[in-house]
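Subject: Structure for you to take over

Hello,

I am handing over the structure below. My notes on what was found follow it.

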Amino acid sequence: MEYKLISYLIGCLDENGYLQTDIQTVAEKFNVSEEDMNEALIEIQSLEPAGVAARDLQECLWLQLERLHPYNEIAEKVISDYFLLFADKKWKEIAKNLKVELKEIQEVFDLVQTLNPRPAAAFQNELAPYITPEVVIQWEDGTFSVSIYDDVLPKIRFNESYFRKFQADGDQEVNRFLQEKKTDFHWIARSIEQRKETLLKVALKIVEKQPEYFWKGPNYLQPMTMKEIADELEIHESTVSRAVREKYAQTPFGTIELRSFFSSTIKTTSFENTSSEQAKNAISDMVKGEDKKKPLSDQVIVKRLEEEKGIVISRRTVAKYRDQLKIPSSSKRKRYE
């Protein structure tokens, strides 16, 4: 019976190694006690990799800490009894309760960063998704060239021999059907060609309006909206949006999503405007270079952006950009050493 229970539980593990069923439910299914089920679970959790068959992240980390040598009592206590406070970085409360220094909680954090929150992920054989850019932008003969990579565009073909074979039967209803389908084919072919032409025009206009970006890099992206491009190409803004949707460009600075070239305008202390992307890059650089013992608050970032970069944005906007960059708040970036 134990073998049957263990086999069943192993079948309930997800791709990351977490148990995706309730012990009580399985116990009822096999008409055994919860104690028997827990013994079967403990057997699986003793296997490699450490953390496998955990029911949540907290248990996954605890199972890995349990096997560490030398044994770290503070780390195990923090994860088992103060996991939510620890995750919320309310470390002063934890330190007070455990009667330890903040530095020791910081050491626990550093240790936890070395653990694997997805213990079974390494056993997955899924192929990594690859991006094939539709647009190629490169430097050639003293100027930038823009081309469309045709191989990624949809291809359609009209079977002329099949069409003629049925047309020769002389059936009027069949001929009418064939003519309708031939008309549909030409309409689809023209639409694909127009789509390609629109994509090329938009890409050319992006290069024309963002010369510094392609010369110097992402930090020099200028404010540009889809409406500006649409107006200059005399097409609707939605046409530009559809043309760049989920499309990528191969550039001298890597493969870039075409949508990322469009950004809102931000006021500066000078007569020139800057883009939201430049503001985000500046925030990212400031956070990378900050003193982790005294991380920059959003208000301090607002002040430094204006003083050092001439970028004028509100504290709320800084918080929004920080979230988009997946940068935690200053309280969660602080290190205690």
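Aspartate 184 is partly exposed, with a relative accessible area of 38%; here buried means under 20% relative accessible area, exposed over 50%, and partly exposed in between (1.4 Å probe, protein chains only). Before going further: this is a predicted model, in which local features need pLDDT of at least 70 and side-chain atom pairs count only at pLDDT 80 or more, while totals for chains, interfaces and linings use all residues. Residues are numbered from 1 along each chain as its sequence is written, and side-chain values use heavy atoms, with hydrogens and water left out.

Salt bridges

Aspartate 184 pairs with lysine 181 in a salt bridge, at 3.9 Å from N to O. The term stands for a side-chain nitrogen of Lys or Arg within 4 Å of a carboxyl oxygen of Asp or Glu. Side chains of opposite charge can pair when their charged atoms come close. Lysine 181 is also partly exposed, at 40%. Helices (H or I, at least four residues) and strands (E, at least two) are DSSP runs, numbered from the N terminus.

The whole structure has 21 salt bridges. Another of them joins glutamate 228 to lysine 209, with the closest N and O atoms 3.9 Å apart. Glutamate 228 belongs to helix α12 and lysine 209 to helix α10, so this pair ties together parts 19 residues apart in sequence. Glutamate 228 is partly exposed at 30%, and lysine 209 is partly exposed at 25%. Both belong to a network of salt bridges that links Lys205, Glu208, Lys209, Glu228 and Glu232.

Arginine 322 and aspartate 298 form a salt bridge as well, at 3.0 Å from N to O. This pair links distant parts of the chain, 24 residues apart: arginine 322 is in helix α16 (residues 315–324) and aspartate 298 in helix α15 (residues 298–309). Arginine 322 counts as buried, with 8% relative accessibility, and aspartate 298 is buried at 13%.

Arginine 333

Arginine 333 is in helix α17 (residues 330–333) and is buried, with a relative accessible area of 8%. Its side chain reaches the backbone oxygen of leucine 296 at 2.7 Å. Setting aside neighbours within four places in sequence, arginine 333 is in contact (heavy atoms within 4.5 Å) with residues including Lys89, Glu290, Leu296 and Arg322.

Nonpolar cores

A nonpolar core is a set of buried Ala, Val, Leu, Ile, Met, Phe, Trp, Tyr and Cys residues joined through side-chain atoms within 4.5 Å. The largest one has 25 residues, and those with the most contacts inside it are Val135, Ile137, Ile206, Phe214, Leu258, Phe261 and Phe262. At least two residues of this core come from each of β1 (135–140), β2 (143–148), α10, α11 (211–216), α12 (226–233) and α13 (237–244). Helix α10 gives the largest share, five residues.

Phenylalanine 262 touches Ile206, Met224, Thr225, Met226, Ile229, Val240 and Val244, not counting residues up to four places away in sequence. A second, separate core has 17 residues, among them Leu61, Ala75, Val78 and Tyr82.

Tryptophan 187

Tryptophan 187 lies in helix α10 (residues 172–209) and counts as exposed, at 55% relative accessibility.

Regards

Technical notes:
Polar contact = N/O pair within 3.5 Å; in protein donor to acceptor, adjacent residues only side chain to side chain.
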